[in-house]
Each structure stands twice: as structure tokens, then as C-alpha cells.
Amino acid sequence: MPSNKSVSDAPIIQFHNCRILKDHKLRREDLWIREGKILNPEKLFFDEKGSADVQIDCKERIIAPGYIDVQINGGYGYDFSLETDNVNCGISVVAKKLLSTGVTSFCPTIITSPIEVYQKVLPRLALRDSQPAHGSALLVGVHLEGPFISEQKKGAHLSQNIRSYKARGFQDLLDVYGSLDNVSIVTLAPEMERSEEVTGELVRRGIRVSLGHSIASLSQAEAAVKQGATFITHLFNAMLPFHHRDPGIVGLLTSDQIPDGQIMFYGLIADGIHTNPAALRIAHRAHPSGLVLVTDAVAAMGLPTGQHTLGQQIIHIDEELHAYVAGTKTLCGSIATMDFCVRHFWRATGCSVEAALEAASLHPAQLLGIDSVKGQLEYGMDADMLLLDDELNVKATYITQQQQYMSCSELS
Ligand SMILES: [Zn+2]
């Protein structure tokens, strides 16, 4: 009779009464999981004659892939650019707490810092392919934002830590970072001398090059794309504003110089503060398939208003949830959570639910080259997923089938 054991002894879980995000649409289907992977029910029924060991009634909820945040500086009081002696402690606290925001994978981001920070922090971070600790979001590589950026668009990064690689090119970069083993993304300013060779070398090593904190012209940005750059760091912020005769990095969204078959991805901070809703709509309508929602969250995310730290600086969170360098009006990252950004982006642009969800899941997975295992709910992929209500509030978060977070309203 039942032959659930024909392939594996592991229990089969069936989520039913739900809508699943699949093939860019919400579909009324059940979702089947075994050993942390999404099962093809046809194979299960017909080849294995298998059936569910556990059934979960989703009460009409949406099931979406877990969110992937490729730019997060810290949160809940921990700043990844400061926690040099005990960075793993900060990372593990944030990795646990992120689950309530729907984030199941993330790239801890180190802003422009002194050399000692890179050389202390980078070797301590777990490799991207490792399994997440129980009840934690998975690290999918570090995002190094700087220090090879433009002084003129430094934003909240400190001038004294900004560097160039004009003397020795890629070797200068290696001397600063020490190791690139755990690095997924490097943000650099493409107008800097020798950027093309540095970009090409990073790309050859499997690292995504992102353009940002820059005064690059469109042609300089296009030259970087020809060397393999595939991402733009927080579009509109810390770059030249759009100008019709030279649209700068923003022009990459509609450039005819992007190589065939390549998607130009770009990060957007949809926190309601960094990017005006009209700008969100312009970006989305011009180039929806490259849109990647990022939080750019700082240590103060999840904390009350007041003074906090970002890298070597003191910042201030005001009552309207703006995060400024203390004593200035320079924005320095957000304190919005990813689930908030998804909801804000969805409402501000009037895009489909599917588009909003894919901007936080499929697109970042494609950017990182992990879309064969994460960011989608296709057969054989990791069962990192969210239960969401119709307003896109996170009701539960699962990582490889284990429920790791459930909202209080679901418990009542
Ligand atoms: Zn930045």
C-alpha cells in the first residue's frame, strides 16, 4: 500500500488551501515538501504512490518564496561594520530576527571601513554555501559597499576610509579586503581609474560588481557593464541625478548597451523615505525585471528612536523614522524591514502582488546566481517560504520546511 518510503523515509508535508507564487503568477495549487525541498506531486502520486504525512491548512494565505536582502548593514542593535571582535554574534542575532520580516537569506553589508575591519570581519563570516543555523536566515555572501567609491557621492561613508586602486589595480583591492572568499557583491564607483580591470577580475572570480556611490556618466557605467557589472546599488541614491543629455548610472535601466540575455539589476530602497513613490514608479515601469528591493537597513532597524551607530559614525533616528548622520540631514540607510518595503513598493507603484514579491525573492536570487535553489517555488528547490495575508503581512516563515517564525495573530 502506501509507498512513501520508496524514495525516502522523510515525512511529506502538504500545504493546501493556498495560492502559490509560481511562474510569475499566484496559482491555486497545493505545495508539497520533503526533506526541505519542494516536491513534484505528479511524481509523488504516480511514481512513488506517495501521500501526505502532514497536511497544513493555509487558510487562503499566499505562499511566496522567502525574501532575500542583498544590502543590510545590521539591525536590532548590531552593526556589521563595527562588530569586529564578535561579528558572528551580531550576525546570528540578526539572522534569527530577520525571519519575522520574511527574510530567509541575506548579504551582510560592510560599508566603507578601515582595513582592519575587512581583515577581521571577512574571515569570520560563514561561507555562503553553508546551511543556516537552526531558526536563522542564511548568509549568502557578504556585500562590500566601498571603500572604492566617489568622494563626491560618499553619502554616509567616511572620507578618510575611501580608497583608490589606481596604483596597483586589483592588487590594491585585495590588499584592503584581504580575502574575497565569502564575498558575493562589491559596490564600486566605475569612473575610478582602473575600474574596468578591477571589475573584470572580480567578475572572473564569481563576484557580482555593483555600481554605486558614484558620479559616473552613462558611458562609464556602460563600460563597467561590458566588463561584467550586473547590479546598481540603491538606484537614485548616491549617484548623479537623471539628466536627459547624460542620464548617468540611472540610464542603464534603458541602455541599449546591455549584453544580450543579461538583466541589469538595480537595488531600490522602498522605505518611503529614500525614494519618492514617483521615482519608484519610473524605475518599475522602465525596467521591472531588474528591480531588486533592498532594505539598506542599519543597526537601528528594530530599535526605538534615538542615537545609534553606523560604521564609525553616530546616527540619529527621528520620530518619522528617518535615519540621519547625527547633526546633519544626510540619510544613512534605512530602518525599514523587508516586509514593509515590499508592501510600500506594492502600494506606491500599483504593481501586481506577484511583481512586488518577485522583486524581493526571484530577482535577488537571479542577481546572486542562486535562482536554481532559492527565490522560486519550483520543484526541487529549497522550501524557504512565507505565508502572507492579502496585505502581504508575514504570517509565518519556513526555512527548508521547518516553521521558524509565526506571527502572534496566527497563534491566537
Ligand atoms: Zn550606500
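**Sheet, domains and binding-site residues in a predicted model**

Mentor: In this predicted model, an open sheet of mixed pairing is formed by 6 strands, ordered 3-2-7-22-23-24.

Trainee: What makes strand 3 and strand 24 the edges of the sheet?

Mentor: Strand 3 and strand 24 each have a single partner strand, so one side of each is left without a neighbour in the sheet. The twist from one strand to the next averages 30 degrees.

Trainee: How do you know that strand 7 and strand 22 are paired, and in which sense?

Mentor: Pairing requires at least two bridges between the strands. Strand 7 (residues 62-65) and strand 22 have 4 bridges, in the antiparallel sense. Within strand 22, Leu-388 is the residue opposite Ile-62.

Trainee: Which segments make up the domains?

Mentor: The domain assignment gives domain 1 as 12-64 + 376-406 and domain 2 as 66-298 + 333-368. Their C-alpha centres are 29 Å apart.

Trainee: How do you know that domain 1 touches domain 2, and how many residues are involved?

Mentor: Contact is assigned when C-beta atoms, placed from the backbone, lie within 7 Å. On that basis, 17 residues of domain 1 contact 21 residues of domain 2. On the domain 1 side, two or more residues come from each of strand 3 (25-27), strand 22 (385-388), strand 23 (394-399) and strand 24 (402-406). Strand 23 gives the most, with 3 residues. By residue type, this side of domain 1 holds 9 nonpolar, 5 polar and 3 charged residues.

Trainee: Which residues carry the "binding site" feature, and what makes them a cluster?

Mentor: The unreviewed UniProt entry places this feature at Glu-145, His-213 and His-234. These residues are spread over 90 residues of sequence, yet they cluster in space, with a largest C-alpha distance of 10.9 Å.

Trainee: Why is His-213 called buried?

Mentor: The term applies when 20 or more other C-beta atoms lie within 10 Å. His-213 has 29 such neighbours, and therefore counts as buried. His-213 lies in the loop between strand 15 (208-211) and helix 6 (218-226). Beyond four places in sequence, its contacts include Gly-146, His-157, Thr-187 and Thr-233.

How values were computed
Residues numbered from 1 in each chain as written. Predicted model: local features only at pLDDT ≥ 70, side-chain atom pairs only at ≥ 80, totals over all residues. UniProt positions renumbered as here; feature names shortened; annotations may be inferred. Buried ≥ 20, exposed ≤ 12 C-beta atoms within 10 Å, placed from the backbone. Contact = placed C-beta atoms within 7 Å. Domains from an automatic or database assignment. Nonpolar A, V, L, I, M, F, W, Y, C, P; charged D, E, K, R; others polar. Axes fitted to C-alpha atoms, helices over the stretch in contact; angles between N-to-C directions.
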